[in-house]
Amino acid sequence: MQGDEKIEVSLPGGNHYRIILGSGVLDEIPSLTASMLDRKNVLIITDDNVNALYGEKALKSLQPLAANTSLISIKPGEASKTLATVEMLYHEALKSNLDRSSAIIALGGGVVGDIAGFVAATFMRGIDLIQIPTTLLAMVDSSVGGKTGVDLPEGKNLVGAFWQPRKVLIDPDALKTLPDREIRCGLAETIKYGMVLDEVFFAFLEDKISELNSLDILTYTEVIKRCCQIKADVVCRDEKEKSGLRSALNYGHTFAHAIEKATGYDKLNHGEAVAVGMCMAANLAVDDGRLDDAAELRQENLLRQLHLPCSVEFLTPEHIYDAMGKDKKIIEGKLRFVLPETIGEFSLSEVSDKDMILDAIRNCCD
Ligand code: ADP
Ligand code: ZN
């Protein structure tokens, strides 16, 4: 394994785990998990696409180590993130003889990580979880921080639990098989970190446009490392989103969730909606006198150069505004936004001026 990096995540409650990042990590699963999985029953949860690429190898490599290793593959995509899938997985876990001392491995993107994490959090009141994220979005965001859950017909992520993994293994080489659109989706979340939390990292992204667009794995390794460090730091200081710091990770997301909902979740993927959502939030911050035009333009340029959208078609501002009504981030009827003050700094603001919000949205509607 070349140049592996270790990022320590130490939560205030005493929970401690390590993120291991490096090319070739996927070939080293047994040695990296031996102390945890030795002679235990292990269930790998993955999806059909990831299974075809990496499932068999992971399963075979763990068989000599664990007492019994099984693999279950679900249909790819958000539509699988339901309680019905969770129940099916509980039955599979029982069939595979999982008990309180067993472990679940989530091998896949954010969808697999969220569902498998929720199953690990709740099966027998909680068993060990190892996250092996294979999409950029999961590597930089969803696999770190312990949020797990599923969707209800009424909305996304409405049922869930905080459940920290015992270990996160990240192999950036897995990005080589990921469709380009999914890479862009993850890049939107990386821009989010820079824009509200880390100006130096934002400038790094601006400097590495061509490497990012040509999928230079060394550059991606650095990007993933920085994002995991930033996220680990945020989660350690505000694990359960109580102090407001963790809310920074929702930058652009109040708008993004509304866009996803209003478009029926099939026109834009999550990262594309986040890209447009960040443009709307930056507009709002400029209109509110917080952010200067130059900073807003830097964000827009970076998004465009990484081929992410800055506007949506087919939706009216009212349509998007109405869809914001169901967001979890609404506190006592007021819309709460993460707004950048400058690149790398943010504040949390309750905005009640509907026209101002509509104007911010309108600027991003084609
Ligand atoms: P996200 O991580 O963005 O939340 P998903 O978990 O739905 O999204 O993954 C996005 C898509 O990419 C799914 O179809 C999934 O099967 C596929 N996928 C995940 N990892 C890889 C990979 N390394 N190579 C190819 N396809 C992958
Ligand atoms: Zn997101």
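## The contact between the two domains

Buried area is the accessible area, taken with a 1.4 Å probe, that two parts lose on being put together, summed over both. In this predicted model, domain 1 and domain 2 bury about 2,600 Å² between them, and carbon and sulfur atoms give 69% of that area. The domain assignment places domain 1 at 2–177 and domain 2 at 181–362, and their C-alpha centres lie 26 Å apart. To the contact, domain 1 brings 29 residues and domain 2 brings 30 residues. On the side of domain 1, Leu136, Val140 and Lys156 lose the most area to domain 2, together 22% of what that side buries.

Five salt bridges are counted between domain 1 and domain 2, alongside nine residue pairs in polar contact, both residues being at pLDDT 80 or more. The side of domain 1 that touches domain 2 draws at least two residues each from strand S1 (2–10), strand S2 (16–23), helix H5 (136–142) and strand S8 (155–162), with H5 giving the largest share, six residues. By class, this side of domain 1 has 16 nonpolar, six polar and seven charged residues.

Thr135 sits in the loop between strand S6 (128–133) and H5, and it is buried because its relative accessible area of 14% falls under the 20% cut-off. Its side chain reaches the backbone nitrogen of Ala138 at 3.0 Å. Leaving aside residues up to four places away in sequence, Thr135 touches Gly108, Gly109, Gly110, Leu175 and Leu178.

## Salt bridges across the chain

Side chains of opposite charge can pair when their charged atoms come close. The model holds 28 salt bridges, one of which joins Lys147 to Glu241, with the closest N and O atoms 2.8 Å apart. Another pairs Lys231 with Asp141 at 2.7 Å, N to O; this pair links helix H9 (residues 217–237), which holds Lys231, to helix H5, which holds Asp141, across 90 residues, and both partners are buried.

Lys81 and Asp151 meet in a salt bridge at 3.9 Å, N to O, and the two are 70 residues apart, Lys81 lying in the loop between strand S4 (68–74) and helix H3 (83–95) and Asp151 in strand S7 (residues 147–152). Lys81 is buried at 3% relative accessible area, as is Asp151 at 12%, and both belong to a network of salt bridges that also includes Glu78 and Asp114. By contrast, Glu206 and Arg298, whose closest N and O atoms are 2.8 Å apart in their salt bridge, are each partly exposed, with 28% relative accessibility for Glu206 and 28% for Arg298.

Notes:
Residues are numbered from 1 along each chain as its sequence is written. Chains are lettered from A and ligands numbered from 1 in the order in which they are written. Side-chain values use heavy atoms; hydrogens and water are left out. Domain bounds come from an automatic or database domain assignment. Contact means heavy atoms within 4.5 Å. A salt bridge is a side-chain nitrogen of Lys or Arg within 4 Å of a carboxyl oxygen of Asp or Glu. A polar contact is a pair of N or O atoms within 3.5 Å; within protein, one must be able to donate a hydrogen and the other to accept it, and residues adjacent in sequence count only if both atoms are side-chain atoms. Helices (H or I, at least four residues) and strands (E, at least two) are DSSP runs, numbered from the N terminus. Ala, Val, Leu, Ile, Met, Phe, Trp, Tyr, Cys and Pro count as nonpolar, Asp, Glu, Lys and Arg as charged, and the others, Gly among them, as polar. Buried means under 20% relative accessible area, exposed over 50%, partly exposed in between (1.4 Å probe, protein chains only).
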